Amino acid sequence: NANNRITLRNSSISSNASNDFGDGEGGAGVIRLLAMGDIRIANGSINAESVRTAETVNRGRIAINSQTGILRILRETELSTQADTSGFAGAITLRARQGSIRISDSDINSNFDANDFDINDSSDADGGAGKIDIVSQDSLRIINDSSISARSFSVVEEGSSNDEDDASGSIFLRSITGNIFIDDSRASTTTEGSGSAGEISVKAPQGLLQLIGEERTSDDNTEG
């Protein structure tokens with residue numbers, strides 16, 4: 001029923017594949033939150049980190065789904081998926097199937113961590129961000145210095161993909177019947193090394209799209 005709610009405050013959830021010995025390989029588990037009613041996450045973190053994940057390995061992903069209520073991500077909350085060493089980060093999906101979504105003063109990101117690699121050596125590391133897909137039936141609000149980002153490094157060869165629908169490192173923001181309001185917030189996709197940054201798509205087919213002080217970028221940082 002609608003009273004079936006999830007509230008996370010000052011809490012963290014993580015699923016991590018270890019690389020303590022330097023040669024580990026594996027995907028983090030799926031983190032899934034499902035409620036019939038409201039979901040509220042404030043001042044929290046949800047993280048899934050994978051190591052050396054091949055295309056056939058399950059990658060740690062985050063799925064948060066409210067069936068009838070409002071989904072709120074608030075107060076410096078961070079949702080993140082990450083691939084370390086080489087491989088692919090998992091997707092992040094947020095759904096409010098009959099309600100609205102509000103993201104305020106929070107970060108949602110999917111990254112390949114290339115900090116330990118030479119950006120000019122494409123053979124040294126190869127990885128992609130996961131798809132970030134945020135869909136509400138009613139309004140979608142992204143406000144108060146929130147950030148949605150996907151960052152890849154030396155993206156895989158043409159024809160390979162991090163996700164089933166070939167949308168790795170892309171960001172999709174959709175309101176089915178309501179408005180999308182983005183104020184003082186950012187959406188960005190980037191790639192370093194080689195390859196193209198992911199797509200950014202913002203759609204409100206039956207409502208209004210309002211962008212106030214918003215930054216939307218899709219950058220390729222290819223050297224050579």
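1. Two strands are said to pair if DSSP finds at least two bridges between them. Strands (E, at least two residues) and helices (H or I, at least four residues) are DSSP runs, numbered from the N terminus. With these terms in hand, the note turns to the model itself.

2. This is a predicted model, in which local features need pLDDT of at least 70 and side-chain atom pairs count only at pLDDT 80 or more, while totals for chains, interfaces and linings use all residues. Residues are numbered from 1 along each chain as its sequence is written, and side-chain values use heavy atoms, with hydrogens and water left out.

3. Strand β18 (residues 180–183) runs parallel to strand β15 (residues 140–143), and three bridges join the two. Within this pairing, Ile 142 has Ile 182 of β18 as its bridge partner. Strand β18 also pairs with strand β21 (residues 209–212), again in the parallel sense, over four bridges. Here Phe 181 has Gln 210 of β21 as its bridge partner.

4. Which residues does Ile 212 contact, leaving aside its neighbours within four places in sequence? Contact means heavy atoms within 4.5 Å, and the residues are Phe 181, Ile 182, Asp 183 and Asp 184. Ile 212 itself lies in strand β21. Ile 212 counts as partly exposed, at 41% relative accessibility; buried means under 20% relative accessible area, exposed over 50%, and partly exposed in between (1.4 Å probe, protein chains only).

5. How many salt bridges does a search of the whole structure find? It finds four, where a salt bridge is a side-chain nitrogen of Lys or Arg within 4 Å of a carboxyl oxygen of Asp or Glu.

6. Arg 72 and Asp 38 meet through their side chains in a salt bridge of 3.9 Å, N to O. Arg 72 belongs to strand β7 (residues 71–74) and Asp 38 to the loop between β3 (31–35) and β4 (39–42), so the pair ties together parts that are 34 residues apart in sequence. Both residues are partly exposed: Arg 72 has a relative accessible area of 25%, and Asp 38 has one of 22%.

7. A salt bridge of 3.0 Å, N to O, joins the side chains of Arg 174 and Asp 133. This pair links distant parts of the chain, with Arg 174 in strand β17 (residues 171–175) and Asp 133 in strand β14 (residues 132–136), 41 residues apart.

8. Asp 145 and Arg 186 form a salt bridge between their side chains (2.8 Å, N to O). Asp 145 is in the loop between β15 and β16 (147–153) and Arg 186 is in strand β19 (residues 186–193), so distant parts of the chain, 41 residues apart, are linked. Asp 145 is partly exposed, with a relative accessible area of 39%, as is Arg 186, with 28%.

9. Thr 93 is placed in strand β10 (residues 92–96) and counts as buried, at 18% relative accessibility.
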